[in-house]
Amino acid sequence: MNSQYKNLSELKRYFFDQETARRFISFLMKKAEVIAPHSKGEKSFAYQVTTDPDQVVLNYPRTIQPLKKFFLPPRETLLEYDLEKNAIKKPELEPKDRIFLGVHSYDMKSILLLDYSFKKGNPESNYLTRREKSVFIGVSYQSDEYHLAEDLGIDIHDVSGFSLFLDPVEKGFLVFEVDEVGANLLNEFDAGLPIDTPLEQDFSERKPKLKMHHKRLPQIFEHIYHSPVWKKVAERCVGCGTCNLLCATCYCFDVRDEVELNVKEGKRERYWDGCMLNPFAEVAGGENFRPTLDSRTRHRLYRKFKYLTEQTGELHCVGCGRCSKYCPAGISLIEIVNDLIDDYNKQQKQAVTLV
Amino acid sequence: MSQSESNGKPKVAFFDFTSCEGCQLNKLNFENELLDILELVDIVEFREAMDDKAEEYDIAFIEGSISTPTCIERIYDIRRRAKVLVALGQCAVSGGINAMKNAMPMEEVQETVYGNDKYLFPSIPAMPVSAVVKVDYEVRGCPMSPPEYLHVLKSLILGRKPEIKDYAVCVECKLKENECVLEKGMFCLGPITRAGCDAICPSNGQYCTGCRGPVSNINKNGAVEMLKRYGFSTEEALKRMKMFNTNELEKEIKWGKE
């Protein structure tokens with residue numbers, strides 16, 4: 001059943017009407033830089049620095065780029081060099097107070113997973129500096145056809161990682177106090193008295209999208225390396241890499257040197273990269289270790305459901321649905337995983353018949 | 001790069017073949033960088049801007065496709081005298097727009113253009129420069145992308161191998177967090193077209209016309225199916241994909257390659 005709801009019911013909660021919520025955003029903007037979802041283009045959304053509380057959109061399916069863009073920017077200068085003086089200069093990064101408002105639970109989870117990836121081994125100082133003073137305020141969302149988070153064990157109302165959590169209700173929001181940072185914010189804002197009636201909970205049963213419990217997924221990935229599903233996906237895939245770039249937990253990057261026109265000074269820049277792209281597994285001499293789209297899709301999914309899971313014990317897909325929603329070829333992750341499950345079940349059946 | 005010149009600067013030349021010369025003109029539009037470029041190199045041949053000539057070149061930039069017998073003679077001559085040869089712009093890289101004629105009967109094409117005088121103007125199918133001589137590096141696009149051209153120029157001066165991108169325009173669009181053009185109901189070839197333009201068209205309310213040619217591992221059927229999802233017929237999809245890329249998409253006229 002919905003265990004996270006129990007979690008919510010243990011938290012202190014307040015009611016903000018729309019006007020109070022607006023005032024609260026203004027209050028947050030005075031405390032720190034507030035980053036929240038905004039409308040982008042005709043029907044898309046993007047996390048942006050808030051300059052006007054009225055522009056913040058708290059009812060949105062998902063943003064184009066995930067939250068990682070604030071910790072691992074799409075393009076970033078790592079250092080500047082001077083070939084004549086043989087000198088380098090690293091841009092100074094200072095930890096900065098930032099409040100991320102209106103974050104969905106799966107995006108929060110993706111940051112917790114990236115924390116692992118960037119702390120392990122050689123800690124990545126740029127990521128960790130940007131991460132240091134970040135406060136997150138969550139919001140619940142309506143699951144659409146692309147969301148898979150609940151099936152992967154990340155509840156809509158999962159509050160881990162957040163300081164406060166908003167749940168839209170009629171004429172306003174329920175504001176849940178999750179940790180001390182959140183409590184201090186509410187206190188300073190003068191949020192009034194908490195609601196003391198018991199929380200009404202919705203225990204309605206959800207229809208699962210995956211044909212198997214998420215805890216069993218890493219195990220089936222032991223058996224489907226040679227599945228025909230990969231080739232089937234590759235027939236439709238055009239290899240544009242959108243799934244990698246917009247993935248909330250993909251963190252691969254490429255580093256390039258570019259010199260100025262005086263061919264003396266230059267910059268070393270880091271860009272997001274992706275394992276679906278041609279140059280990713282290419283080495284000197286032109287050999288490519290994953291030349292085909294089926295082997296790349298397989299690698300991409302194994303990174304989400306097996307390789308990293310073996311290290312952390314957690315699935316590294318958070319079910320945000322970006323790879324499926326923004327895939328120009330309309331390839332759905334849910335479909336791929338379900339096809340793999342079918343293939344696995346078929347294999348198991350055959351094994352039994354052979355015995 | 002070895003400098004064969006008394007002033008120590010590499011000798012650079014620009015040549016135009018069958019094209020609109022837009023790529024060459026584009027280079028003159030670098031008003032901010034033009035003087036810096038002249039500090040680095042010695043431009044010895046550039047019909048669009050000057051009339052000096054030289055016997056040999058450290059870098060020869062070739063614009064335009066090969067579409068007449070005279071073109072073949074000229075490009076052989078230039079190749080002999082050039083240490084590094086760079087195809088500049090889509091006509092030189094793949095035949096570009098000119099190659100559209102390759103999909104039509106040659107007689108008909110010549111008649112349409114020259115009428116009764118067609119026999120005075122011998123014409124052959126439009127070919128990329130690489131179909132005739134060895135091309136060392138390519139700068140794609142219609143017109144060629146200025147930042148990429150500068151990257152190639154700087155790399156060659158430093159003696160580095162230029163990095164030519166072989167992934168889709170989608171990548172550059174996603175790095176900029178643009179709303180997807182296909183999502184907006186427009187046509188777009190971004191998912192299969194080579195990056196390097198910094199997704200300039202989709203970033204400015206246009207769609208990608210595929211002017212930089214397809215990525216090296218293009219999934220042609222996948223691309224047609226993709227466009228069908230957004231309501232474009234197979235015919236329309238193929239027609240638009242071929243606009244700049246007839247030679248690359250029509251296997252039967254893959255000049256000199258494979």
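Trainee: How many salt bridges does the rule find across the interface of chain A and chain B?

Mentor: This is a predicted model, so local features need pLDDT of at least 70 and side-chain atom pairs count only at pLDDT 80 or more, while totals for chains, interfaces and linings use all residues. Residues are numbered from 1 along each chain as its sequence is written, chains are lettered from A and ligands numbered from 1 in the order in which they are written, and side-chain values use heavy atoms, with hydrogens and water left out. A salt bridge is a side-chain nitrogen of Lys or Arg within 4 Å of a carboxyl oxygen of Asp or Glu. Across this interface, the rule's count is five.

Trainee: Which side chain meets Lys69(A) in a salt bridge?

Mentor: Look on chain B for the partner. The N to O distance is 2.6 Å, and the residue is Glu177(B).

Trainee: Which element of chain A gives the most to the side that touches chain B?

Mentor: Helices (H or I, at least four residues) and strands (E, at least two) are DSSP runs, numbered from the N terminus. Those supplying at least two residues each include β3 (44-49), α7 (229-236) and α9 (293-312) of chain A. With five residues, the top giver is β10(A).

Trainee: What area do chain A and chain B bury between them?

Mentor: Contact means heavy atoms within 4.5 Å, and here it takes 43 residues from chain A and 38 residues from chain B. Buried area is the accessible area (1.4 Å probe) that two parts lose on being put together, summed over both. Carbon and sulfur atoms hold 54% of it, and the total is about 3,400 Å².

Trainee: How far apart are the C-alpha centres of the two domains of chain B?

Mentor: Chain B is divided into domain 1 (11-157) and domain 2 (169-253). Those bounds come from an automatic or database domain assignment. Between the C-alpha centres of domain 1 and domain 2 of chain B, the distance is 24 Å.

Trainee: How many residues of domain 2 of chain B are in contact with domain 1 of chain B?

Mentor: Together these domains bury about 1,200 Å², 50% of it on carbon and sulfur atoms. Domain 1 of chain B brings 17 residues to the contact, and for domain 2 of chain B the number is 15.

Trainee: Which residue forms a salt bridge with Arg212(B)?

Mentor: Between domain 1 and domain 2 of chain B, the count is two salt bridges. For Arg212(B), the closest N and O atoms are 2.8 Å apart, and the partner is Glu148(B).
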